[in-house]
Amino acid sequence: MSKSTQVVIPDIGDFSNVAIIDLLVSTGDVVETNDPLVTLESDKAAMDIPAPFPGVVSQIQVKVGDRVSKGTSILLMEQPSADAKSEPANKTSHDPQSIDSPTTKSELQSTNKHQKNTLNETNDRPAFHSESVGTQTRPPHASPSVRKLARELGVNLLDIKVGSGKNNRILTDDVQQFVKNELSKPPRAPQTDQSGQMIDTDYSQWGDIEKISLTRIQKVAASHVTRSWTSIPHVTHHEEIDITALDDFRKSMNNEIATQGTRLTILPFVMKAVCTALIKFPRFNSTLANDPKELILKKYFHVGFAVDTEKGLMVPVIKDIDKKGVAEIARELADISKRARSGRIRPEELQGGCFTISSLGGIGGEAFTPIINIPEVAILGLSKAKIKPIWTNTEFKPRLILPTDLSYDHRVIDGASAARFLTFLQKQLEDVRRILL
Ligand code: CAO
């Protein structure tokens with residue numbers, strides 16, 4: 001004969017009205033003394049309520065989310081007949097007041113060991129139905145300490161199909177074994193290592209390949225853009241600028257100064273206009289110090305520009321743009337880019353930049369998102385200017401429109417400042433006389 005006994009919440013110290021966050025047993029489960037039955041969680045701690053005696057769960061009287069205090073009845077348990085060997089002889093525990101204290105986190109681990117030790121004992125008991133076998137429709141059985149470990153290791157307990165504990169309860173060993181198994185699996189697809197480099201994959205298994213070495217410049221540029229892209233929160237703002245008047249002026253001046261060996265492209269005008277914008281918006285002419293509590297504002301105006309060379313991308317710098325005219329900038333730009341392409345540039349000509357311009361306008365494209373040249377905080381991209389029909393309040397007129405893209409470090413520059421910077425630049429370039437002011 002078996003008799004039904006109520007299991008109540010024992011004295012749990014200062015806690016009352018505590019939420020049940022997990023039911024660890026189901027109707028029909030066989031439990032041993034100290035097997036965890038439910039998990040409670042207060043705002044201070046999580047704790048398991050252990051079984052006060054061995055038996056079979058015959059009725060569960062609470063559900064997840066219910067709040068309980070000392071003396072709340074949580075379930076009924078059928079106790080094995082009085083002459084059963086496994087029943088402790090002197091256990092007055094059928095009296096709810098004699099229930100052991102709840103397990104603490106460290107005690108939980110010894111509870112898990114206890115579960116392992118008692119597995120064999122329970123094998124020769126009648127096979128009772130357990131809802132958790134072969135189904136994952138409810139949260140997996142695991143103690144708070146095991147769940148915490150799983151959270152720390154990024155393991156979803158639902159991925160551990162069956163725990164090795166009693167009633168498939170997931171134990172610490174199961175979580176550790178799961179992690180070991182995952183780590184020993186072969187990579188599914190080409191992956192990158194911690195520095196973002198591709199782990200060697202044999203691509204010839206899928207067809208012919210050819211390997212070419214990167215130039216030194218390409219290697220340096222690759223690590224530089226990776227550092228910039230991964231460490232700076234980039235935002236890119238776009239604007240179209242009407243450069244019809246600027247282009248007319250440029251072409252007329254080119255005829256005049258051709259004899260001096262100077263050729264004006266759009267870029268030197270943009271460099272000069274950028275310089276006036278940097279003077280007006282000093283944060284764009286800055287660097288975020290290593291200790292990001294400080295911004296270093298530069299009082300000099302050195303503007304870099306990307307040059308496409310056979311050996312890779314280079315960014316020479318034209319110094320003191322604020323002290324130079326457009327024609328002088330144009331001459332320096334032509335000379336320095338020619339030397340960059342022929343490998344005769346001096347190292348100091350690649351240093352000291354405050355802001356960079358990347359012009360793809362001579363090649364093509366409508367827009368792009370330039371990567372900031374770290375440690376600078378902004379970069380301007382130029383795409384190809386095209387004739388577009390622009391409404392002038394009375395009619396559409398063909399105008400030469402330059403697409404611009406301003407990427408900025410959002411830690412230093414906010415969106416409104418970026419919009420103001422680009423609008424200011426737009427005004428300068430739409431009426432080049434302003435650059436002289
Ligand atoms: N829209 C339309 N036409 C443009 C233009 C634009 N935005 N920018 C330049 N052009 C025109 C020039 O006016 C020139 O035409 P004309 O001979 O009729 O005047 C022609 O395109 C070629 O210009 P250029 O490229 O020789 O000269 P530049 O001063 O404009 O640029 C340089 C110099 C060094 C910036 C450029 O040659 C270069 O290397 N650009 C590539 C930069 C790059 O690779 N950026 C990407 C970096 S990220 O990978």
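Trainee: How many aromatic pairs does the structure hold?

Mentor: The structure holds eight. Rings of Phe, Tyr and Trp (its six-membered ring) pair if their centres lie within 6.5 Å; planes under 30 degrees apart are stacked, over 60 edge-to-face, and the rest tilted. This is a predicted model, so local features need pLDDT of at least 70 and side-chain atom pairs pLDDT 80 or more, while totals for chains, interfaces and linings use all residues. Numbering starts from 1 along each chain as its sequence is written, and side-chain values use heavy atoms, without hydrogens and water.

Trainee: Why is the pair of F249 and F269 called edge-to-face?

Mentor: The ring centres of F249 and F269 are 6.1 Å apart, so they pair. Their planes stand at 75°, so the pair is edge-to-face.

Trainee: What does this pair tie together?

Mentor: F249 lies in helix α5 and F269 in helix α6, so the pair joins parts 20 residues apart in sequence. Helices (H or I, at least four residues) and strands (E, at least two) are DSSP runs, numbered from the N terminus.

Trainee: Is F269 buried or exposed?

Mentor: Buried means under 20% relative accessible area, exposed over 50%, partly exposed in between (1.4 Å probe, protein chains only). F269 has 3%, so F269 is buried. F249 has 37%, so F249 is partly exposed.

Trainee: Which residues form one aromatic cluster?

Mentor: F281, F284, F355, F421 and F424 do. K280 lies over the face of F281, at 6.0 Å from the ring centre. The rule asks for NZ of Lys or CZ of Arg within 6 Å of the ring centre and within 35 degrees of the ring normal.

Trainee: What makes a set of residues a nonpolar core?

Mentor: Its members are buried Ala, Val, Leu, Ile, Met, Phe, Trp, Tyr and Cys, joined through side-chain atoms within 4.5 Å. The largest core has 52 residues; F355 and L406 are among those with the most contacts inside it. Helix α6 gives the most to this core, nine residues. Apart from it lies another core, of 21 residues, including V18 and F53.

Trainee: Is L288 buried, exposed or partly exposed?

Mentor: L288 has 21% relative accessibility, so L288 counts as partly exposed. L288 lies in strand β10.

Trainee: Which residues is L288 in contact with, leaving aside neighbours within four places in sequence?

Mentor: They are E294, L295, P375, V377, R411 and V412. Contact means heavy atoms within 4.5 Å. L288 and P375 are 87 residues apart along the chain, yet their C-alpha atoms are separated by 7.3 Å.
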